[in-house]
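Please look through the sequence and the 3D structure below before reading on. The briefing that follows takes up one topic at a time.

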Amino acid sequence: VGFIPISGGVGRAMISSLHSGACELLLHDGAHADPPLSTLHPPPPLALDFGPEEAHAVRLLTSAADAVAGGAVTLSVSVVDRYGNPVDEDECSGEVTIGLDPASVAEGQSPPPKLVRGLGVVALQRGYASTRLSTDVAGTLRLRVTAISGFERAASLTEAAAKSRQPISD
């Protein structure tokens with residue numbers, strides 16, 4: 001934070017973060033400077049917990065960038081705020097449907113049944129879901145969230161996911 005001016009025994013500072021989570025703020029008044037600016041004992045650390053903003057998007061992550069046909073990978077779904085922080089709250093619980101992106105299938109063809117095992121509806125608990133995916137077909141497949149349900153912001157997240165062409169990352 002840096003230097004905080006004190007007036008009338010009170011100092012004020014704006015503290016903000018783009019990352020959610022707990023942090024500890026250590027305060028001192030110059031008693032550790034050489035030469036000391038004060039002889040006061042420092043106050044105990046101040047614990048701050050920055051919570052995430054409201055749910056903004058859905059992020060897909062895989063356990064392996066280079067999966068092999070016949071093998072399995074873990075696909076994780078995470079509800080995030082506009083800064084990418086996980087929104088792991090009870091109000092983000094419901095169901096998420098993971099499907100094959102139509103762009104993965106050649107034009108005019110339909111995807112073979114059971115091309116990818118593990119797709120479909122997965123329980124979303126506190127903004128997180130996970131499933132194991134496997135296929136016997138070699139090639140590049142794009143997956144996407146096709147539906148989210150069960151909580152207040154689900155409809156807007158489903159709409160945002162439909163517009164997104166976010167690649168799955170590891």
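How many disulfides does the structure hold? The structure holds 0 disulfides, a disulfide being a pair of cysteine sulfur atoms within 2.5 Å. This is a predicted model, in which local features need pLDDT of at least 70 and side-chain atom pairs count only at pLDDT 80 or more, while totals for chains, interfaces and linings use all residues. Residues are numbered from 1 along each chain as its sequence is written, and side-chain values use heavy atoms, with hydrogens and water left out.

**Cysteines**

- Buried stands for under 20% relative accessible area, exposed for over 50%, and partly exposed for what lies in between (1.4 Å probe, protein chains only).
- Cys23 is partly exposed, with a relative accessible area of 35%, whereas Cys92 is buried, with a relative accessible area of 3%.

**The largest nonpolar core**

- A nonpolar core is a set of buried Ala, Val, Leu, Ile, Met, Phe, Trp, Tyr and Cys residues joined through side-chain atoms within 4.5 Å.
- The largest such core has 25 residues, and those that touch the most other members are Val77, Val79, Val96, Val145, Ile148, Phe151 and Leu157.
- Two or more residues of this core come from each of strand E5 (57-62), strand E6 (72-80), strand E7 (94-100), strand E8 (120-124), strand E9 (128-134), strand E10 (143-149) and helix H1 (154-163); the largest share, 4 residues, comes from E6.
- Helices (H or I, at least four residues) and strands (E, at least two) are DSSP runs, numbered from the N terminus.
- Leaving aside residues up to four places away in sequence, Val77 touches Val58, Arg59, Leu60, Val96, Ile98, Gly127, Tyr128 and Ala129, where contact means heavy atoms within 4.5 Å.

**Helix H1**

- The buried residues in H1 include Ala154, Leu157, Thr158 and Ala161.
- These residues cover an arc of only 100 degrees around the axis, which puts them on the same side of H1; the arc is that of the directions from the helix axis to the C-beta atoms.
- An α-helix has 3.6 residues a turn, so residues three or four places apart point the same way.
- The buried residues of H1 pack against E5, E6 and E10, while the face turned away from the buried side of H1 carries the exposed residues Ala155 and Lys163.

**Strand E7 and its sheet**

- An open sheet of 3 strands has the order E8-E7-E10, with antiparallel pairing, and two strands pair if DSSP finds at least two bridges between them.
- The edge strands of this sheet are E8 and E10, each of which pairs on one side only.
- The twist averages 30 degrees from one strand to the next, with axes taken as lines fitted to C-alpha atoms, for helices over the stretch in contact, and angles running from 0 to 180 degrees between N-to-C directions.
- E7 is mostly covered, with 5 of its 7 residues buried.
- E7 is joined to E8 by 5 bridges, and Val96 stands opposite Val122 in E8.
- E7 is joined to E10 by 6 bridges; Gly99 stands opposite Arg144 in E10, and the bridge partner of Leu100 in E10 is Leu143.

**The loop between E8 and E9**

- Arg126 is found in the loop between E8 and E9, and its phi is near 50 degrees, a positive value in a residue other than glycine.
- Arg126 counts as partly exposed, at 41% relative accessibility.
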